[in-house]
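Subject: Structure handover

Hello,

I am passing this structure on to you, with notes on what was found in it. Please look through it first and then read on.

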Amino acid sequence: MTKLNELGLAAARDALRAGETTSKELTQACLEAIEGAGMLNAFVHQTPELAMERAAQADVRIAQGNAPSMCGLPVGIKDLFCTKGVASQAGSRILEGFLPEYESTVSQNLADAGAVMLGKLNMDEFAMGSSNETSVYGNAVNPWRRNDEDTALTPGGSSGGSAAAVAADLCLAATGTDTGGSIRQPAAFTGIVGIKPTYGRCSRWGIVAFASSLDQAGPMTKTVRDAAIMLEAMSGHDPKDSTSADLAVPDFEAALTGDIRGKKIGIPKEYRMDGMPPEIENLWQEGIAMMKDAGAEIIDISLPHTKYALPAYYVIAPAEASSNLARYDGVRYGHRAKLDQGDGITEMYEKTRAEGFGAEVQRRVMIGTYVLSAGFYDAYYNRARKVRTLIKRDFELAFDQGVDAILTPATPSSAFGLGEMTDADPVAMYLNDVFTVTVNLAGLPGVAVPTGVDRQGLPLGLQLIGRPWEEADLLNTAFALENAAGFVAKPAKWW
Amino acid sequence: MSIDESTAARVAKLARIKVEPDALPALAGEFNTILGFIEQLNEVDIEGVEPMVSVTPQVLKRRADVVTDGDQQARILSNAPDAREGFFAVPKVVE
């Protein structure tokens, strides 16, 4: 018998509507699972009273027969989303004690769709990281372990708490955000589905900003169908975000037919990296075979500027971060350093930011400051923005050839051990995003789908990249891949 | 381009982050690793390419130039580390 917290969104929704369970029971089951999963360090601020209150309201609406799409479904919210009256720290010490006076548009959209928030989820500080190890709360832990080992593994990052919580059935689904791969990499590391929609599909208002031209929110779920349901609830135009698209949101779930006959799937040769583990190559080849068996046409394509995506990203993202994070000055909210006699306002800024930001955030703010500084702006920042134009053009040329979606590996490896990368240089960690970062630079939708396990017993995922605004078609292709792969493995409970 | 300790100190100052002098050599080393990685961009032919301004072709929406919000002093100050008499308080700025 499946426990209630083990259900996905679609299954729970159907059970609620059939009167087989209640939102209060679902929410209670999740709260108990969270209570017993302290070792995963996924939920960092819990809101059980608020959750039970919203669950009770949801049960009334369901009984009345006017339940919206996610009515009564318990979800977790990444700590990056501002939630009214509930701690929202972006995993940083500098926002300790911050209680927003407002609600982010995406979390409000979810609440309006009837979703029940269980609490806030762990993440890398300001979403800067690929292992959840830069968090002020300490790292989240992957519920998956290698065969016959008890080494603690990373759930990936930055949305590591979201990934761990969904994979461990602490919630039915969770929100994530993705600037260079922060939804798709942790989804792949934990055997779940994660989609980053087209830039502008979800409002960024009320989400703590990292790199504004790259940041997008998206759902992290147990199935592709759940991703379709939740993305639709999160999406929509918002006058408070001038980059949010004024486009109708399609019925994503209705698009899931599983029929991809005649679709053209592009396979980019530049994603075959030197030193790529054979298991990743095999996974990719299996995915290609699955698409072909489902009736899709496989086309070899070239995305020649792929290799320059990470270097361009590590100019653009830190540049935008240095500007966005200038607001943390110890004046209006968050941490302020204790000052010594005679300290002026400059010392206040410098001490506050040195105490409040962790090492990786400091490093990126300073790199961003450097590439934007007088004399280097053209050489670094403008050059990176030109390369970004070329990266986007690569994709446009592929889509002009009639390609409907592009299939790639999601990550260059399975989940690695926490602490394993501590002594590596920062660039080694950045390489985690090698397959995902191009998609942010081009503003495209990308989805990670779990399709297999490696010989250590850890999940691996493939990524599908779609045309702009065609998340419906992309999700349908992902649905076909999910059906063909038949991935059902779950981590054995040890926590 | 190689970053020395004095450049690292200048960048830290510009970013308003206090870095102790004994941490500067390691910081300069990390900067050089990251910038070395970024240097690959010099291989790309960018002749005649426009720098990206907006990733999706869109015109930013405009709205009427009217007041839509306000009168929320208490809420705005509610998270301030130091608020006095309806204002944010900071160390003395003018001598």
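In chain B, buried residues make up 15% of the 95 residues; a residue is buried if 20 or more other C-beta atoms, placed from the backbone, lie within 10 Å of its own, exposed if 12 or fewer, and partly exposed in between. The model is predicted, so local features need pLDDT of at least 70 and side-chain atom pairs count only at pLDDT 80 or more, while totals for chains, interfaces and linings use all residues. Residues are numbered from 1 along each chain as its sequence is written, and chains are lettered from A and ligands numbered from 1 in the order in which they are written.

Chain B

Chain B has 3 helices and 2 strands, in the order α-α-α-β-β from the N terminus on. Helices (H or I, at least four residues) and strands (E, at least two) are DSSP runs, numbered from the N terminus. The radius of gyration of chain B is 23 Å, whereas a compact globule of 95 residues would have one near 12 Å. That radius is taken over C-alpha atoms, and the globule rule is 2.2 Å times the number of residues to the power 0.38. The C-alpha trace of chain B spans about 55 × 45 × 25 Å along its principal axes.

The axes of α1(B) and α2(B) come within 9 Å and cross at roughly 90°. This angle makes α1(B) roughly perpendicular to α2(B). From α1(B) the contact takes in Glu5(B), Ala8(B) and Ala9(B), and from α2(B) it takes in Leu24(B), Pro25(B), Leu27(B), Ala28(B) and Phe31(B). These residues divide into 7 nonpolar, no polar and 1 charged.

The terms used here are as follows. Axes are lines fitted to C-alpha atoms, for helices over the stretch in contact, and angles run from 0 to 180 degrees between N-to-C directions. Angles under 35 degrees count as roughly parallel, over 145 as roughly antiparallel, 65 to 115 as roughly perpendicular and the rest as oblique. Two residues are in contact if their C-beta atoms, placed from the backbone, lie within 7 Å. Ala, Val, Leu, Ile, Met, Phe, Trp, Tyr, Cys and Pro count as nonpolar, Asp, Glu, Lys and Arg as charged, and the others, Gly among them, as polar.

Where the chains meet

In the contact between the chains, 38 residues of chain B touch 57 residues of chain A. On the chain B side, the elements that give two or more residues are α1 (5-14) and α2 (24-38). The most comes from α2(B), with 6 residues. The chain B side divides into 23 nonpolar, 6 polar and 9 charged residues.

Chain A

The secondary structure of chain A comes to 15 helices and 11 strands. Its radius of gyration is 21 Å, close to the 23 Å that the globule rule gives for 495 residues, so chain A is as compact as a globular protein of that length. Along the principal axes, the C-alpha atoms of chain A fill a box of roughly 70 × 55 × 50 Å. Buried residues make up 61% of the 495 residues in chain A. Of the contacts in chain A with a separation of 6 or more, 77% are between residues 24 or more positions apart.

One helix pair in chain A is α2 (residues 23-35) and α3 (residues 48-64), whose axes come within 8 Å and cross at roughly 155°. That makes α2(A) roughly antiparallel to α3(A). The residues of their contact divide into 8 nonpolar, 2 polar and 2 charged.

Local points

Most residues other than glycine have a negative phi, and most peptide bonds are trans. The peptide bond from Gly157(A) to Ser158(A) is cis, with omega near 10°. Ser158(A) lies in the loop between β3 (116-121) and α5 (160-167) of chain A. Asp148(A) is in the loop between β3 and α5 of chain A, and has a positive phi, near 55°. Asp148(A) counts as exposed, with 7 C-beta neighbours inside 10 Å.

In chain B, Asp71(B) has a positive phi, near 60°. Asp71(B) is found in the loop between α2 and α3 (73-77) of chain B, and is exposed, with 7 other C-beta atoms within 10 Å.

Regards
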